[in-house]
Amino acid sequence: MAKNGAYFVGIYRKFKPHLLMFSTQIFYTLLYFITEASFNHGMNPHVYVTYRHIVAGVVMLPFAYFLERKIRPKLTPALLAEIFILSLLGVGLTLNTYFASLRYTSPTFLASMVNTIASLTFVIAVVLRLEVVDIRNPRGIAKVLGTLISLAGVMTMTLYKGPIVKSLGQPLIQIQGNGVTHENWLKGSLLTVSSCITWSLWYIMQALTLKRYPAQLSLTTWMCFVGGAQSAFFTVIVQHNRAAWTIGFDIDFWSVIYGGVICSGLLIFIQLWCTEEKGPVFVTMFNPVSTILVAVLAYFVMGEKLYTGSILGAIIVIIGLYMLLWGKDEDGGVQTKLEEPKDNKANNNVSAGKDVAHDVP
């Protein structure tokens with residue numbers, strides 16, 4: 001019995017990052033529809049991003065302060081500057097353009113485009129010499145081909161809209177305001193692509209920042225407050241209507257609470273933990289789960305319009321994604337520089353951080 005227990009514990013520890021990342025995709029699936037309903041109700045996307053991260057910062061602050069007070073490194077001007085840039089990439093730029101694009105496209109389109117982040121992350125990592133590619137190895141070739149195929153899928157989704165897939169019946173759930181057409185495919189596509197690029201840079205940079213600041217909860221809290229302040233500054237410039245900052249106790253309020261507590265707080269912390277454990281490319285491999293769930297719910301439950309171009313492009317992107325990930329997995333024993341062993345002192349700090357972090361998810 002003891003051997004069986006140890007075996008299952010070992011299996012759990014091995015696949016814990018996989019289970020956590022799968023769970024995050026379920027929560028992100030719900031986020032698409034909650035925010036779409038809120039935006040259709042009249043919520044400004046930039047106000048939403050600002051409130052969401054302020055709420056997340058407030059919720060995460062006590063956990064970060066008490067659970068990581070013994071392992072949290074001292075902040076230096078260089079670290080503060082790094083956190084500022086990290087927040088700009090992860091919140092100020094990425095989420096403002098990402099949610100703004102939802103007003104011009106659809107949840108299914110956004111969920112499909114997110115799958116390109118793995119390829120973009122890989123390309124940036126190669127350019128920065130953080131990722132090793134051996135084209136003499138089959139897995140190295142798979143990385144390159146997978147990236148090219150994913151980018152071809154992006155071009156398909158962006159440039160080819162295609163005919164609408166015929167609806168099978170009346171939607172089970174009607175989102176308030178979804179009868180109004182907001183589509184501007186080109187504008188929405190450009191906003192989504194730009195958000196995916198900055199998102200990829202964020203994945204790369206957070207992996208590097210965690211080496212110098214291995215306190216995931218504290219880093220998450222800093223990003224929420226700094227990113228919220230950046231978003232507020234941007235919103236004040238582009239949104240001059242004071243009424244836009246007022247929300248009632250309705251779908252707008254609950255979308256902010258859900259986005260702040262679950263998505264900007266808990267899920268970002270989980271992603272930081274998984275990034276430190278498995279690397280930035282691993283974190284992006286689960287995005288197709290959300291794509292499939294969003295497409296199924298959007299079409300069969302919400303009655304959303306699906307276009308053949310989006311479906312075809314999404315399939316191409318997912319094929320390329322898993323080719324890339326196959327090449328990434330056990331790549332001939334080659335470790336990327338992001339995953340190189342740390343010195344003894346760094347290992348002690350990170351181990352202490354993991355002991356605290358394991359209790360939170």
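Predicted model: local features only at pLDDT ≥ 70, side-chain atom pairs only at ≥ 80, totals over all residues.
R212, by contrast, is partly exposed, with a relative accessible area of 47%.

Side chains of opposite charge can pair when their charged atoms come close. In this structure there is one salt bridge, and it is formed by the side chains of E82 and R212, with 2.8 Å from N to O. The pair joins distant parts of the chain, since E82 belongs to helix α3 (residues 77-101) while R212 belongs to helix α7 (residues 185-212), 130 residues apart.

## Aromatic rings

Across the whole structure, a search finds 12 aromatic pairs. One of them is formed by Y48 and F99, whose ring centres lie 5.2 Å apart with the planes at 75°, so this pair is edge-to-face. Here too distant parts of the chain are linked, with Y48 in helix α2 (residues 45-67) and F99 in helix α3, 51 residues apart. Both Y48 and F99 are buried.

The rings of Y98 and F99 also pair, and because their planes stand at 80°, with the centres 5.4 Å apart, they are edge-to-face. Y98 counts as buried at 4% relative accessibility, and F99 is buried with a relative accessible area of 2%. Ring pairs connect these residues into a cluster made up of Y32, F39, Y48, Y98, F99 and W199.

## A charge over a ring

A further contact involves an arginine and a tryptophan: R139 lies over the face of W326, at 4.3 Å from the ring centre.

Note on methods: Residues numbered from 1 in each chain as written. Heavy atoms only, no water. Salt bridge = Lys/Arg side-chain N within 4 Å of Asp/Glu carboxyl O. Helix = DSSP H or I, 4+ residues; strand = E, 2+ residues; numbered from the N terminus. Buried < 20%, exposed > 50% of the residue type's maximum accessible area, 1.4 Å probe, protein only. Phe/Tyr/Trp six-rings, centres within 6.5 Å; stacked < 30°, edge-to-face > 60°. Lys NZ or Arg CZ within 6 Å of the ring centre and 35° of its normal.
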